[in-house]
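Let us read a structure together, one feature at a time.

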Protein chains: 2
Amino acid sequence: MPTPPTLAAGSVGSVDTQYLDLPESVRLDCGRELGPVRVAYETYGTLSALRDNVILVCHALSGDAHAAGFAKTPPESGTRDGFAAEGRDGTAGKGLGWWDGMIGPGKAFDTDRYFVVSTNILGGCRGTTGPSSIDPATGAPFGASFPVITVADMVRTQRAFLDVLGIERLAAVAGGSLGGMQAMQWAILYPDQVDAVVAIASTHALHAQGVAWNSIARDSIMRDPAWQEGQYYGTGRAPDAGMGVARMVGHITYLSGPALTDRFGRKLQFADDIRYTITEPEFEVESYLRHQAESFVKRFDANTYLYTSRALTYFDLAREHGNGSLTRALENYAARTLLIAFSSDWLYPPQASADIEEALRALGKPVEYHIIDAPYGHDCFLLEEARQTPIIQRFLQRTL
Amino acid sequence: MPTPPTLAAGSVGSVDTQYLDLPESVRLDCGRELGPVRVAYETYGTLSALRDNVILVCHALSGDAHAAGFAKTPPESGTRDGFAAEGRDGTAGKGLGWWDGMIGPGKAFDTDRYFVVSTNILGGCRGTTGPSSIDPATGAPFGASFPVITVADMVRTQRAFLDVLGIERLAAVAGGSLGGMQAMQWAILYPDQVDAVVAIASTHALHAQGVAWNSIARDSIMRDPAWQEGQYYGTGRAPDAGMGVARMVGHITYLSGPALTDRFGRKLQFADDIRYTITEPEFEVESYLRHQAESFVKRFDANTYLYTSRALTYFDLAREHGNGSLTRALENYAARTLLIAFSSDWLYPPQASADIEEALRALGKPVEYHIIDAPYGHDCFLLEEARQTPIIQRFLQRTL
């Protein structure tokens, strides 16, 4: 029997995800209206009387609203992703939030000072309306008839959700990867409502290789016959095989080559020798990948993967808001911005953050950019808490 | 109607693949014996009276015996792979050999001087005995009952094949990627029969990330229900969906990120705007990948992919021949060695060649190592003919 987790100093404690139905439908970039929309969310800390201490944290592709603390009802497997889920810190399976190291009393996003809000994104599969939700027009799950969504649609949904909570301004919007895209999108859509943006391991537009990896992941899901053109709910079959491959591809792109070598090298499953098998794992990294695939398909919906991957591939500030120019896209941007990138991140490489910094500087907007020299690749935004924390704390102190 | 190809200066002209049945079975590393074994091969140039001008070229994962010239019966699609197949030079679909730029009169492997021999590897699907061949014990295709093979098994098969041709010594063994592994394996298994090794974009053992990519590719094939535990021949179904994904993964690992950006960037299929679709390609790189997958599955057998990928993952000179030490593995090695690596190759990075150079130098063996600064990634070994040629020519002149 596992020992119950002890609360670390600085934990927000046990939390339950809550749910809220938006009073109006959401108008989407594709032209469709979606409603009713339910939003899954968690909050940590206390809203100030002036409602001026709100930080919205936005999650990445496979995250959810459970960003900090222990889930009162632990999910089937830990919600911390990637390398982190496997536990340098042994948190896997204990229901710790995906950014627990960053959110809590005295942490980077200090809940003694801030009211931190986290929502599951539109299109999600962890409580917010998405492809697995019931389409009121048919009484059946949307499946692939769910409208194609964008990062801006996710942000509009968060805006409508905060309206219900009576929150007009954000002291900061923060996130890593797709979460950082949402943060920047906030400052563009609602320039007078966002004081600060913290965009970590993110980009203004994925590079060609990133577009390719996402395309391969989606194709892997859609080529699985169990996908059934997206209408697999209730059939007893789901495209777990294809999504497992998608997850394995994603997983390797989240890590750096040297980190993989450092952790696995060419270590064999059975140290004595190879066993001459095609079907069974021979190298430790092979069984690690299979384990990652298995645990992911238990907790994630394949259609949400497709829609979210599509949204983050579409995301392109210059195309969407600047007629091809990133500088023009950021013209109305008023938030102070903190950019953090990691030296070994080849999926969201430092150059993308440097491009954003350059554009903001050219416009005379306040921006601060740090490259953290760390070996774990894109997953650093989930792992390098100790080094991100002082940077974020200093930045936020200057903002308020 | 396409214009018929004109013969480039230096072409070996039209060639037919030939077939030879080995007189004896091949004893494999796994302990099994395999026979009868048929070998598909091509030769270019003329064997000298002394039989001392033979160069064996070894192909990579998806290659075949057709290394140079025009196939008399053009295959369904070009045999040149990767970027090359898409044609910087417009050769796709014309049946040009995969290393045509390197083999021919006056070329790197000069057929005016050398008798160049190329075979399809053991386990292949282009004429040499492999999983799609008939198992004489059952009268049905081997499928997944084909024995698991190693790079050394491929080399032993080539050795037995050359015996039939009456060729004892090799002036050189040459190849890129898996082909380079075979070349080094030759010099270890038959140190007194190989004068020179040319190993390009190769390694003594794949790094952890390379092991991972291969594992994902194989899993993608085996997770396709049409794989049917490897016994799909004659069922009217083949794991094309899974192998298509494997090919897309492979393809991206063969190219560099900057080369992809240079060629595709974020160019949309329809320049006006996105169309909000999950299922259809929106970016040019997305439709390019699908095209690569489609053309590959038409010409390649999924089980051969599995077996070959497993063999190149197992390959580890230090483990197999040096009790963990690369230097010890190369102790009996007597061939002069030319190593070429490409700066942008992240799948078979220059460091691997540097390790081999260092080990050979420590043993006082003659070795020459060049890094070519070129942008295309691993595929450079198929593309950078102009820059490899003088290096190889100089090296071979000194060898004879």
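The dialogue below goes from the chain contact to helix packing and then to the backbone.

Q: What should I know about the model and its numbering before we start?
A: This is a predicted model, where local features need pLDDT of at least 70, side-chain atom pairs count only at pLDDT 80 or more, and totals for chains, interfaces and linings use all residues. Residues are numbered from 1 along each chain as its sequence is written, chains are lettered from A and ligands numbered from 1 in the order in which they are written, and side-chain values use heavy atoms, with hydrogens and water left out.

Q: How many residues does the contact take from chain A and from chain B?
A: Contact means heavy atoms within 4.5 Å. Here 60 residues come from chain A and 60 residues from chain B.

Q: What area do chain A and chain B bury between them?
A: Buried area is the accessible area (1.4 Å probe) that two parts lose on being put together, summed over both. For chain A and chain B that is about 4,900 Å², with 66% of it on carbon and sulfur atoms. On the side of chain A, A:Arg266, A:Tyr276 and A:Ile278 supply 17% of the area buried against chain B, more than any other three residues.

Q: Which side chain meets A:Asp163 in a salt bridge?
A: Its partner is A:Arg159, at 2.9 Å from N to O. Because A:Asp163 and A:Arg159 are 4 residues apart in helix H2 (residues 151–164) of chain A, about one helical turn separates them. Helices (H or I, at least four residues) and strands (E, at least two) are DSSP runs, numbered from the N terminus.

Q: At what angle do helix H2 and helix H3 of chain B pack?
A: Axes are lines fitted to C-alpha atoms, for helices over the stretch in contact, and angles run from 0 to 180 degrees between N-to-C directions. H2 (residues 151–164) and H3 (residues 178–189) of chain B pack at about 70°, their axes 9 Å apart. So H2(B) is roughly perpendicular to H3(B); angles under 35 degrees count as roughly parallel, over 145 as roughly antiparallel, 65 to 115 as roughly perpendicular and the rest as oblique.
The contact includes B:Val155 and B:Leu162 of H2(B) and B:Met181 and B:Trp186 of H3(B).

Q: What about helix H4 and helix H8 of chain B: at what angle do they cross?
A: The axes of H4 (residues 208–223) and H8 (residues 302–314) come within 10 Å and cross at roughly 155°. That makes H4(B) roughly antiparallel to H8(B). Among the residues that meet are B:Val211 and B:Ile221 in H4(B), and B:Tyr305 and B:Leu306 in H8(B).

Q: Where is there a cis peptide bond in chain A?
A: A cis bond joins A:Gly35 and A:Pro36, with omega about -5°. A:Pro36 lies in the loop between strand E4 (33–34) and strand E5 (38–44) of chain A. In chain B, a cis peptide bond joins B:Gly35 and B:Pro36, with omega about -5°.

Q: What is the phi of A:Ser177?
A: A:Ser177 has a positive phi of about 60°, although it is not a glycine. A:Ser177 sits in the loop between strand E13 (172–176) and helix H3 (178–189) of chain A.

Technical notes:
Salt bridge = Lys/Arg side-chain N within 4 Å of Asp/Glu carboxyl O.
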